[in-house]
Amino acid sequence: MKYASIITRAIVGGVLLYAGFMKAIGPSAEFAALISAYKILPAALIGPFAIGLPYVEMWVGLFLLFGFYTRQASVATLVLISSFSMALLSSLLRGIDLVSCGCFGADSLSPRYTIVLDMILLVLSIVSYRQSKIPPAYSLDKVLP
Amino acid sequence: MNFKRFVTASLLILAPVIAVHLVKQTQWGPVLATPPERQLGGPGAKVIIVEFSDFQCPTCARVEPTIHQLLDVYKGKVRFIYKYFPLKMHRNAMPAARAADCAADQKQFWPYHDRLFDTQLAWATLTDPTTSFMAMAEETKLDIPKFTACYADVTRTIGIEQDVKEGTAREVSATPTFFVGDERLVGQVIATDGARTIEKAMRQ
């Protein structure tokens with residue numbers, strides 16, 4: 001059970017960290033163009049969102065990976081991944097032809113694979129949340145109470 | 001929050017910011033050889049502007065007048081190099097690049113390039129843009145049998161993919177991306193910062 005926590009945190013935290021990093025190192029204009037393709041956010045918010053979201057993903061991913069404020073990081077992960085899934089599902093239901101999900105900057109997945117990945121991450125986030133009621137094993141929360 | 005937790009939190013927050021900053025500081029690689037048909041300006045010009053562009057990208061079409069204006073103002077002082085960067089999200093971008101590359105074979109790259117951007121709205125959403133590209137070939141007085149054979153040759157994409165590889169190595173992922181000397185400008189920023197960046201490159 002103690003290994004389950006570190007494994008789920010490593011997978012979910014690692015994916016968030018990678019996704020945020022790949023977006024942050026690329027031009028934010030490109031990510032902004034991908035966000036606008038979803039037709040969800042008002043134009044005025046797209047720019048700040050394109051700059052800010054990659055860092056939020058990296059911070060949440062890093063906190064989860066190291067098990068620091070694990071419970072809060074797990075909740076933030078659930079919120080992030082649920083939002084991504086809903087945005088993707090909503091665009092698919094509205095018939096928007098997204099060539100790329102925009103999840104990993106230049107290394108993007110097709111929306112079909114992204115839905116599967118999001119579902120896996122969502123399940124792992126729930127596992128991580130359930131295991132974070134007490135400071136999990138191999139976490140900074142355990143070392144720095 | 002105790003002191004140790006405060007320091008740890010600060011480190012975890014700062015680490016990605018520093019990592020991204022360091023990666024973005026990376027120096028761009030050299031500009032690889034480009035056929036002279038896709039270059040404008042004197043070979044001895046002090047400043048080189050490289051554009052990675054996609055014929056189906058609306059912003060690329062919108063910045064065209066700005067590029068023409070900059071090339072007029074800095075005539076003889078800058079050399080402009082066009083690199084193909086057809087984005088996967090634009091289904092007709094690769095065929096358009098192939099058509100333009102075939103026009104380049106007949107020394108008509110720039111007229112064809114201008115026609116592609118001028119008529120972008122008409123062909124961008126077509127299932128098969130071949131008829132439009134053929135019409136442009138006639139308008140730009142190309143040898144049609146030669147153009148047709150060239151356009152049908154799928155190996156033409158190899159050269160285009162090389163430009164894409166070069167762009168990817170220079171961390172291009174959006175179009176248009178310009179390199180003015182060492183500085184990178186993405187999108188319509190060329191309209192506001194283009195002249196300043198050229199002046200800066202000329203001073204270096």
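In this predicted model, A:Lys39 sits in the loop that links H2 and H3 of chain A. The phi angle of A:Lys39 is near 55°, a positive value in a residue other than glycine. Because 11 C-beta neighbours lie inside 10 Å, A:Lys39 counts as exposed.

A:Tyr138 belongs to the loop between helix H5 (111-130) and helix H6 (140-143) of chain A. Although A:Tyr138 is not a glycine, its phi is positive, at about 50°. A:Tyr138 has 15 other C-beta atoms within 10 Å and is therefore partly exposed. As background, most residues other than glycine have a negative phi, and most peptide bonds are trans.

Chain B supplies a peptide bond of the other kind: B:Thr175 and B:Pro176 are joined in cis, with omega about -5°. B:Pro176 is located in the loop between H9 and S4 of chain B. B:Glu171 is placed in the loop between helix H9 (157-169) and strand S4 (177-180) of chain B. B:Glu171 is partly exposed, because 18 other C-beta atoms lie within 10 Å. Between the C-alpha atoms of B:Glu171 and B:Arg184, 13 residues apart along the chain, the separation is 10.0 Å.

| Site | Angle | Value |
|---|---|---|
| A:Lys39 | phi | near 55° |
| A:Tyr138 | phi | about 50° |
| B:Thr175 and B:Pro176 | omega | about -5° |

Chain A contains six helices and zero strands, and its elements follow the order α-α-α-α-α-α from the N terminus on. Of its 145 residues, 43% count as buried. Among the contacts in chain A between residues at least 6 apart in sequence, 73% join residues at least 24 apart.

Two packed helices are described by the angle between their axes and the distance between the axes. For H3(A) and helix H1 (residues 3-24) of chain B, the angle is about 130° and the axes are 9 Å apart. H3(A) is therefore oblique to H1(B). The crossing in which H3(A) passes H1(B) is right-handed. From H3(A), the contact is made by A:Tyr55, A:Met58, A:Trp59, A:Leu62, A:Phe63 and A:Phe66, and from H1(B) by B:Leu12, B:Ile13, B:Ala15, B:Pro16 and B:Val17. The residues of this contact comprise 11 nonpolar, no polar and no charged.

In soluble globular proteins, nonpolar side chains tend to be buried together. The largest nonpolar core has 54 residues, of which B:Phe55, B:Ala96, B:Ala97, B:Ala100, B:Ala103, B:Leu116 and B:Phe178 touch the most other members. Helix H4 (residues 93-105) of chain B gives the most to this core, nine residues. Leaving aside residues up to four places away in sequence, B:Phe55 touches B:Ala93, B:Ala96, B:Ala97, B:Ala100, B:Leu116, B:Phe117 and B:Gln120.

Note on methods: Residues numbered from 1 in each chain as written. Chains lettered and ligands numbered in written order. Predicted model: local features only at pLDDT ≥ 70, side-chain atom pairs only at ≥ 80, totals over all residues. Helix = DSSP H or I, 4+ residues; strand = E, 2+ residues; numbered from the N terminus. Buried ≥ 20, exposed ≤ 12 C-beta atoms within 10 Å, placed from the backbone. Contact = placed C-beta atoms within 7 Å. Axes fitted to C-alpha atoms, helices over the stretch in contact; angles between N-to-C directions. Parallel < 35°, antiparallel > 145°, perpendicular 65-115°, else oblique. Left-handed = near helix turned anticlockwise from the far one by under 90°. Nonpolar A, V, L, I, M, F, W, Y, C, P; charged D, E, K, R; others polar. Core = buried A, V, L, I, M, F, W, Y, C linked by C-beta atoms within 7 Å.
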